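Keep a viewer open while you read.

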Amino acid sequence: KYFKDLYKDVPLDVYEILLYILCIGVLLFLITKGFRRGWRLVSGLMLVEYVVLLFFTTVFSRNYREAPKFNMTPFWSYTEIINGKQNLIPEILMNVVVFAPVGLFLGFTFSELKWKGILVVAVCISLLIEILQFILHRGFSELDDVMHNTIGCIAGYGAYRLMRYGYEKIGEKVDVVE
């Protein structure tokens with residue numbers, strides 16, 4: 001339900017344009033660069049498209065407010081949950097989950113980037129979203145979102161590292177058999 005509500009104000013045209021760009025980009029990259037290099041470029045394109053979609057859904061498609069709504073107290077959401085406001089739990093989980101693809105795409109696109117680099121990129125993207133929400137009076141700017149988004153990005157990067165580890169282990173087994 002939360003994901004459905006998050007994307008309900010995004011015009012269908014935005015999805016169509018992003019899909020067309022992705023499809024054309026995938027075909028061009030795979031044809032011109034070969035599969036290995038093409039995959040890296042395709043994941044970079046997917047990263048850019050996903051980040052654009054994130055900005056659109058979290059900032060630009062939100063309704064304007066007369067005054068900015070914000071909370072810069074660290075861990076305020078956990079205090080609220082302890083005090084019985086359980087409806088914040090799905091929102092926190094959504095903030096973690098929605099940023100996981102960013103970490104995954106960053107890993108595929110910039111395989112030489114370590115987790116500290118991923119951390120910096122995640123904090124920068126999330127901070128920019130929160131700053132834009134505050135400046136443009138859209139959404140609810142909060143420091144906890146930056147933390148949750150960053151955790152999600154690191155989790156996505158962790159998934160990339162697990163996939164890469166598995167791929168390398170499978171490759172070693174194939175080498176032994178041959």
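**Exercise 1.** Is H137 buried or exposed?

*Solution.* Two notes on the source come first. This is a predicted model, in which local features need pLDDT of at least 70 and side-chain atom pairs count only at pLDDT 80 or more, while totals for chains, interfaces and linings use all residues. Residues are numbered from 1 along each chain as its sequence is written, and side-chain values use heavy atoms, with hydrogens and water left out.

Step 1: take the cut-offs, where buried means under 20% relative accessible area, exposed over 50% and partly exposed in between (1.4 Å probe, protein chains only). Step 2: H137 has a relative accessible area of 17%, so it is buried. Step 3: locate H137 in the loop between helix 6 and strand 2 (140-142). Helices here are DSSP runs of H or I with at least four residues, strands are runs of E with at least two, and both are numbered from the N terminus. Step 4: check the backbone, where H137 has a positive phi of about 60° although it is not a glycine. For context, most residues other than glycine have a negative phi.

**Exercise 2.** Work out how helix 5 and helix 6 pack.

*Solution.* Step 1: helix 5 (residues 88-109) and helix 6 (residues 115-135) pack at an angle of about 140°, and their axes are 11 Å apart. The axes are lines fitted to C-alpha atoms over the stretch in contact, and angles run from 0 to 180 degrees between N-to-C directions. Step 2: under 35 degrees counts as roughly parallel, over 145 as roughly antiparallel, 65 to 115 as roughly perpendicular and the rest as oblique. Helix 5 and helix 6 are therefore oblique to each other. Step 3: on the helix 5 side, F99, V102 and L106 make the contact, and on the helix 6 side I118, V121, A122, I125, S126 and I129 do.

**Exercise 3.** How many disulfides does a search of the whole structure find?

*Solution.* Step 1: a disulfide is a pair of cysteine sulfur atoms within 2.5 Å. Step 2: the search finds zero. Step 3: look at two cysteines, C124, which is partly exposed at 48% relative accessible area, and C153, which is buried at 0%. Step 4: C124 lies in helix 6, and its C-alpha atom is 9.3 Å from that of T150, 26 residues away along the chain.

**Exercise 4.** What pattern does the chain follow along the sequence?

*Solution.* Step 1: count seven helices and two strands. Step 2: read their order as α-α-α-β-α-α-α-β-α.

Technical notes:
Contact means heavy atoms within 4.5 Å.
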